[in-house]
Amino acid sequence: MCGIVGYVGDRPAQDVLISGLKRLEYRGYDSAGIATLDDDSEPHLARSVGKIAELEKVLSIKPHDGKLGIGHTRWATHGGVTVKNAHPHNVGDVFLVHNGIIENFRELKAALKDVDFKSDTDSEVLA
């Protein structure tokens, strides 16, 4: 089980995403993260292990600008509880959060043998 929240609007996305993730923390407390897109279309990614309070500490050091973004709180099913396995995942310009299990992810990873995977999760194969 995981919690996913997204926002597009006029307010700072970081604040809305964190607020939403706090409400969804019961769905996943292993790790959390957000990805935002600032006004110059520059993506920003922040992830942490542990509760949302740990993500807030990361964001207090380097806050995100922008008015759109996605957030995720994780309950690990594939891969350990590490920052590299926290969502959102990103590959190039794609930022992804996922809730569920990709049963054939090993086969997909094997077929994508030229791809340099950065996590141990099943979700990254989608990006």
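Reply: Happy to! Two strands count as paired if DSSP finds at least two bridges between them. Helices (H or I, at least four residues) and strands (E, at least two) are themselves DSSP runs, numbered from the N terminus.

A word on the source: this is a predicted model, where local features need pLDDT of at least 70, side-chain atom pairs count only at pLDDT 80 or more, and totals for chains, interfaces and linings use all residues. Residues are numbered from 1 along each chain as its sequence is written, and side-chain values use heavy atoms, leaving out hydrogens and water.

The chain has three helices and six strands, and four strands form an open, antiparallel sheet in the order β1-β4-β2-β3. At its edges lie β1 (3-8) and β3 (43-49), each pairing on one side only. From one strand to the next, the twist averages 10°; angles run from 0 to 180 degrees between N-to-C directions, with axes being lines fitted to C-alpha atoms, for helices over the stretch in contact.

Now zoom in on one pair. Seven bridges join β2 (residues 31-37) to β3 in the antiparallel sense. Here L37 stands opposite P43 of β3.

Helix α1 (residues 13-24) touches β1, β2 and β4 (68-74), and its direction makes about 155° with that of β1. Helix α2 (residues 52-61) touches β2, β3 and β4, with its direction at about 135° to that of β3.

What sits among these elements? A nonpolar core is a set of buried Ala, Val, Leu, Ile, Met, Phe, Trp, Tyr and Cys residues joined through side-chain atoms within 4.5 Å. Buried means under 20% relative accessible area, exposed over 50%, and partly exposed in between (1.4 Å probe, protein chains only). The largest such core has 14 residues, and L17, L21, I34, L55 and L59 touch the most other members. At least two core residues come from each of β1, α1, β2 and α2. Helix α1 gives the largest share, six residues.

Leaving aside residues up to four places away in sequence, L21 touches G3, V5, G33, I34, I52, L55, G71, H72 and T73.

How values were computed:
Contact = heavy atoms within 4.5 Å.
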